[in-house]
Amino acid sequence: MKRLRLTTAQALVRYLIAQRTLYEGREQPLFGGVFAIFGHGNVAGLGEALQHVRTELPTWRAHNEQAMALAAAAYAKATQRRRVLACTTSVGPGATNMVTAAALAHVNRLPLLLLPGDTFASRRPDPVLQQVESFGDPNVTVNDCFRPVSRFWDRISRPEQLLASLPQALSVLLDAADCGPVTLALPQDVQTEAGEFPESFFAPRLHVPARIGPDAGQLQLAAGLLAAARRPLIIAGGGVLYSAAGAALARFAASRGLPVAETQAGKGTLPWDHPCNVGAVGVTGTSVANALAADADLVLAIGTRLADFTTGSGRLFRNPDCRFVAVNVCRHDLVKRNALGLQADARRAIEALELE
């Protein structure tokens with residue numbers, strides 16, 4: 001097996017370049033580029049590695065860490081979670097400036113790769129400029145702030161740890177249910193430390209999203225509730241967009257004469273002039289959508305986490321006999337509002353309901 005000798009930073013960058021995705025009908029790089037603010041915590045490691053691959057992985061110099069990470073989250077949403085940006089910073093306050101953006105991406109289930117520099121793993125130069133020293137635990141650094149707002153968090157203390165950590169990071173960034181921010185804290189000295197990596201680790205890989213189909217028993221129950229409902233309402237969330245299920249939803253709603261309301265994340269799931277589109281729902285909703293929600297005896301919630309803005313903190317649905325059917329890939333969102341859960345990709349679930 002051929003092996004390559006690379007620094008940790010060089011290996012990480014090469015791995016990112018090798019990842020591919022399908023977006024807008026064609027194969028494209030999964031990582032569109034890197035936002036960077038360089039300092040002593042990342043310039044000699046990631047800075048050096050990125051300098052040599054500016055064509056394959058563009059680097060954009062930013063001026064505010066929070067702004068660049070927020071822009072990266074917006075990029076993920078605009079590309080329907082099919083493409084990702086990375087963000088790298090130096091040590092200390094520069095890194096913690098990204099915590100707010102990580103929290104936003106965590107709440108909204110958006111893929112975001114954060115690569116903050118970290119203090120020396122060897123600890124020999126401690127304390128370095130802007131290092132926050134923990135008196136009781138020398139292992140703690142400011143990057144531990146990212147733990148509660150990351151779907152996956154790791155500190156790379158040896159080059160070879162990338163072999164296990166990077167595939168795990170990618171699996172989270174690409175998973176429909178667990179999608180969210182990933183933080184890989186990179187100690188300054190480890191970034192520049194060389195190791196040997198199998199050449200096969202950097203082979204190009206095309207990532208095609210898996211589409212989970214609905215369980216047959218759950219599907220029959222959901223279809224039965226929908227058929228029996230006299231005043232049903234569909235609430236379409238961001239999961240409809242991320243599943244590219246807009247056309248299927250438009251066809252399904254039109255064939256059954258079902259009104260469709262949109263969450264903030266689901267805005268645009270149907271064309272604005274579609275006859276079934278009743279507009280936004282909830283706190284910022286239209287009077288028509290909210291009136292339908294108040295009177296509904298069944299709500300088919302597709303790809304939404306049923307947050308407070310959507311449900312009016314639970315007060316919007318006034319019919320005491322209203323039932324909920326939740327279509328979602330995420331188990332956590334299936335049981336909200338005591339819903340009958342249909343765990344499935346939005347498009348596959350809609351297409352299956354069409355046949356019932």
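Visitor: Is Ala-244 buried or exposed, or partly exposed, and what is its relative accessible area?
Guide: In this predicted model, a residue counts as buried under 20% relative accessible area and as exposed over 50%. Ala-244 falls in between and is partly exposed, with a relative accessible area of 40%.

Visitor: Where is the place of Ala-244?
Guide: Most residues other than glycine have a negative phi. Ala-244 is not a glycine, yet its phi is positive, at about 55°. The place of this residue, Ala-244, is in the loop between α9 (238–242) and α10 (246–256).

Visitor: In which loop does Arg-337 lie?
Guide: Arg-337 also has a positive phi, of about 60°, although it is not a glycine. Its relative accessible area is 38%, so Arg-337 is partly exposed. Arg-337 lies in the loop between α13 (331–334) and β17 (340–343).

Visitor: Which peptide bond is cis, with omega near -10°?
Guide: Most peptide bonds are trans. In the loop between β7 (112–118) and β8 (152–155) one finds Pro-127. The cis bond, with omega near -10°, runs from Asp-126 to Pro-127.

Visitor: What arc do the buried residues of helix α2 cover around the axis?
Guide: In helix α2 (residues 43–51), the buried residues are Gly-45, Leu-46, Gly-47, Ala-49 and Leu-50. They lie on the same side of α2, because the arc they cover around the axis is only 165°.

Visitor: What radius of gyration does the protein have?
Guide: The C-alpha trace spans about 70 × 45 × 35 Å along its principal axes. For 356 residues, a compact globule would have a radius of gyration near 21 Å, which agrees with the protein's value of 23 Å.

Terms used. Residues numbered from 1 in each chain as written. Predicted model: local features only at pLDDT ≥ 70, side-chain atom pairs only at ≥ 80, totals over all residues. Heavy atoms only, no water. Rg over C-alpha atoms; globule rule 2.2 N^0.38 Å. Buried < 20%, exposed > 50% of the residue type's maximum accessible area, 1.4 Å probe, protein only. Helix = DSSP H or I, 4+ residues; strand = E, 2+ residues; numbered from the N terminus. Arc of directions from axis to C-beta.
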